[in-house]
Amino acid sequence: MGSLFRGEDMTLCQIYFQSEAAYSCVAQLGELGIVQFRDLNPTVNAFQRKFVNEVRRCEEMERKLRFLESEIAKDNDKDIVLVEPQEFCEAPKPKEMIELETALEQLEHDLQEVNSNKDALKKNYLELQELRHILTKATTFFEEQDRIQGGEQTVIQMDNQERIQPLRLGFLAGVIDRERVPSFELMLWRICRGNVFLRTAEIEETLEDPKTNIQVYKTVFILFFQGEQLKSKVKKICDGFKATIYPCPETASERREMGLGVMTRLEELKTVLDQSLNLRKSLLKNAGQNLKMWFCRVRKMKAIYHTMNMFNLEVNQKCLIAECWAPVNELTRIKLALDKGTELSGSHIQSILNRMETKEQPPTHHRLNKFSSGFQNIVDAYGISSYREINPAPFTVITFPFLFAVMFGDAGHGLIMTLFGLFMVLRETQLKNKFKTNEVWQIFFGGRYIILLMGVFSIYTGVMYNDVFSKSMNIFGSSWKVGVGNDFDFEKVTVFDLNPNPVVNHTRNEIKMYSGNPYPFGVDPIWVMSINKIAFTNSLKMKFSVIIGIMQMMFGLCLSLLNHLFFGKMTSVLFEFIPQVIFLLFIFVYLCVMIFIKWIKFVGSPDSTQCAPNLLIELINMFFFKSAADDDPCKALYPGQATVQKILIVIAVLCVPVMLLGKPIVLYLKHKRKSQIGQRLSDSGHTNPLAVGNEENSSDSAEGVDLKILKETPIGKGSPNASNDDLSHDEEPFDMGEIAVEQCIHTIEYFLGCISHTASYLRLWALSLAHAELSEVLWTMILRIGLGSGSTPGFVILWLVFYPWAAFTVGVLLLMEGLSAFLHALRLHWVEFQSKFYKGEGYQFMPFSFQQILELAENPDKI
Amino acid sequence: MFLDVLFNIDNGYLEGLVRGFKSGILKNQDYVNLVQCETLEDLKLHLQTTDYGNFLANEPSPLTVSVIDDKIREKYVLEFQHLRNHSVEPLSKFLDYITYAYMIDNIVLLITGHLHQRSIQELLPKCHPLGMFEQMGAITVADTSANLYNAILIDTPLAPYFIDCISEHDLDELNIEIMRNTLYKAYIEDFYKFCQELGGPTSEVMCELLAFEADRRAFMITINSLGVELPKDERSKLYPRCGKLYPDGLNQLAKAEEYEQVRMIAESYAEYKPLFENVGTNPGDKTIEDKFFEQEVTMNLNAFMRQFGFGVFYSFLKLKEQENRNIIWIAECVAQKHRARIDNYIPIM
């Protein structure tokens, strides 16, 4: 809890590594994952760093692994599985790198050889297949040719009796991609001016392209032409269209013979191909056994070298110097890890860990678990908290679901939401790795504890509002009695006006509807039937939202006091916190007080109804020094109200100038005194007066910078490589104008904010009203159709009508309304609550952790 | 124009995309780093930190310049095709127009290669993928330009541009060069007309850019043909007539006989005068071509100042092309350890 309330106490450390031990030490720290290294050579190019060669070798190994992975994916074989590493995969030692490299090299080489073999075989196989198709299709072509030639022959014979020898046509047979056929035909026609005869036949089955492994459709074609010149042209065209030409014998018998030969060769090739595929499979299977482990090891190694690239080199090259942020509590564990690393590397000299002083703001680190991380995310989305500032997350755990539930108050809907949240929480381990790519699901799953709590709180507020799917439950028995006499019939009178005052009805009997004992828990169920239900709940919810809001704002202010005290800023306590609290107390908390007085004092007697003052008007009148009690004494909430209010408002308004001017003036006076002291010191010959002045100035008046870092004398201070960055972060000079302007903005923001924020909390009422009305409309418009009709048809109608009702309930009321209530609760926290105390100007602690690096490498989209 | 309001309906996504792509173009600082590289591996490592990302990650070392070239081109083509696939008329037509230039280059490359007895299978991979068309492979069949037109180009969008170069002459080096320039001339003029018809910011930006392109070609043709036996009327036929030089400047250029005269002609145009200053061929000096490239880069960057027009698409592609040339230039220099001229790239931003 301590860490969640305020971020961890962080410190800047300097670590001296022995050159040989650095690698294993960093590996140990990576496993630990609680150290954030700083880049000590930000100006050096990526490729000029010290360990760039090692990084490059790791990248090369990664490439080989990716190649193996893609080959495995290409095969899409169930037998080849990527085995998750059984044991913990340790970062390999530097000397194991070569071993791993050669293993991968060998594997890649083998695989490539097998692949090239396989490709050659496949190409051969494809060619034979194509040839087989040509031979079968060609028969029909040649039959046609013979017919045509036969026809020609007769013509020629008729024309010219001497020439009996028939005209022999040359021909080419081949295979072409089916999609290229039309343009191929067109081109042939154009180039050869129609002197070529083309026949095509589609190959029904698909053929596999050996290069891409894609199934393609192809077409057999045969070309008849005359003369050598045309032949060369046609060949060129075939070349250009990537058509493959195969020798095809002219006579049928030769074709048959060749076909048989092709068939046997195909058979032979098939067995060889199968063998090579099997070889490949066994290779990949072996690779699949270790692939994940290798990936893990190589990635760890790469991460280590990346980190070591950020280190400085000691002058004599004997050791590496690193700077890092680490939580103070973890220093012992870090030291242990360093010792272990040194031991593993076999080095004798220990690595040295020093704490350093710095004026830089350390990163913010909260120790989170799966429950608190969801709520921390809500806060972090607004801004990472400044270093050691109070973190609103622990309060958000309760207030967020509560404010949500105030807007979402319906026990039925809350129950559904709770069940959904519970489902996700209980099935956590199974669901964790499911739907990793589904972004919407990830959002819901990430907020499962929030959803669960929101649901539980909604049930609570739902019971308070006595709303279950817009219906009320009469558990304890209503404390109202509507029909005292016999003339009241519930069947006939469906609407009535509840009135707490005794009324006289037409029979001159005094009727007292309200028994005087309130319903034990929540809203009395009778209101659901009353026509003045809305008026009643509105007044109730509106007042409650104001009370809740002012409570939360008051709480926020108290947190700001804790912040001021923690950072030792007494000026802020006196001139910021006190006027703020007084303003809020005297105007807005007073409003709450008035609400309670009104509730207690005007109990519902007839005269009190007349007298009850309008609190909103009363609040506005307060600023004009008026009061309703002035006109009508019965409207006074308590004696002396007008005077008290005048005093309150005067004091509250006086707080404005105090806050506006107080702090800048004090700061100015302090600064002046200090510079005077500095002046005197320099006059009397003391050393370096400016530095003294600056230092004191910074330690006293600086806002937001915590200087509570423990002062240990760092050994590294004398070293030439001690970080230079700190020097550049010197204290900024005193600027009165800036402080005044900032304070002015701050003041205006706060005082106007108080008014607008109070009004803003009314959204609690507005959304809850909207939710209640919507669910009531849904009930009366849809489900009542089914409930209202007679028993037998009602059964069917109810069955039919239930589905739209359920769909709308889930889609509109749970999802849409839930989302809007969520957003409003978020806004109330970010703006209304956190603006009172939360700065959010820090930056996240990003430790060097193997776990995170590996997770990121597994799903690169999730950042 | 009030119609600009409707621009984003069809083209808003792509314009946003292209502006995003543009912000990924290498900055001066990147070039400063690239130039310091000792090996191609260093170059790869640095490019990884830019928008190029892991485009070389799956290439086995040792790297060669041609691999880098292929991969860069692949990335460029991928980006272009993404734009083209998501575009609708008239943007799709506009993008097609951009590919015609690559087609012309490819045709010329194939014919020249064929003249030098290279096989078509060897030449095809060298062609730019954006200028590919189906009948390309059969280009070797054509031995005269008439043949080329009738058999191959007639189905391509380039057909109308080719009308002027149909002749029964055999294709030789000079003829090819003339053919290329005639094609370009017709292409630029047609593109210019198309952009004018589109109107609005497109025509304002594009006509400026194309006019510059036209004039650059005119200057280059003149300078390159100074020592060559090319009849002057032939030469004047090659000048694209949509630039600022038309008509007076082109007339004068047609008569120019030496470099000085060309320079004199450029003197009278405010846009081109500075380009001819401080030009030399000594190492360290900038060539006139580089000057034109620099000017083009500036103009293309300026095109991004306008919205609701297609100019950004053209400009982005041109800038990317220039960037690719720069990277390849630096890679070549690094690979050949020829560092003296490594700074001759043209910085973009």
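## Annotated transmembrane regions

The UniProt record, an unreviewed entry, assigns the feature "transmembrane region" to residues 402–426, 447–465, 544–565, 577–600, 647–669 and 805–826 of chain A. The model discussed here is predicted.

Among these annotated spans, residues 544–565 of chain A are 100% helix and 0% strand in the model.

Ser768(A) belongs to helix H24, which covers residues 763–788 of chain A. Its relative accessibility is 4%, so Ser768(A) counts as buried, the cut-off being under 20%.

When residues up to four places away in sequence are not counted, Ser768(A) touches Val406(A), Met407(A), Tyr465(A) and Lys541(A). The UniProt entry places residues 402–426 and 447–465 of chain A among its transmembrane regions.

Pro249(A) is located in the loop that joins strand S8 (244–246) to helix H7 (252–308) of chain A. Because its relative accessibility is 14%, Pro249(A) is classed as buried.

With neighbours within four places in sequence left aside, the contacts of Pro249(A) are Leu135(A), Phe142(A), Phe171(A), Glu254(A), Arg255(A) and Met258(A). One of these residues, Leu135(A), is 114 residues from Pro249(A) along the chain, and the C-alpha atoms of the pair are separated by 8.7 Å.

Methods: Residues numbered from 1 in each chain as written. Chains lettered and ligands numbered in written order. Predicted model: local features only at pLDDT ≥ 70, side-chain atom pairs only at ≥ 80, totals over all residues. Heavy atoms only, no water. Helix = DSSP H or I, 4+ residues; strand = E, 2+ residues; numbered from the N terminus. Buried < 20%, exposed > 50% of the residue type's maximum accessible area, 1.4 Å probe, protein only. Contact = heavy atoms within 4.5 Å. UniProt positions renumbered as here; feature names shortened; annotations may be inferred.
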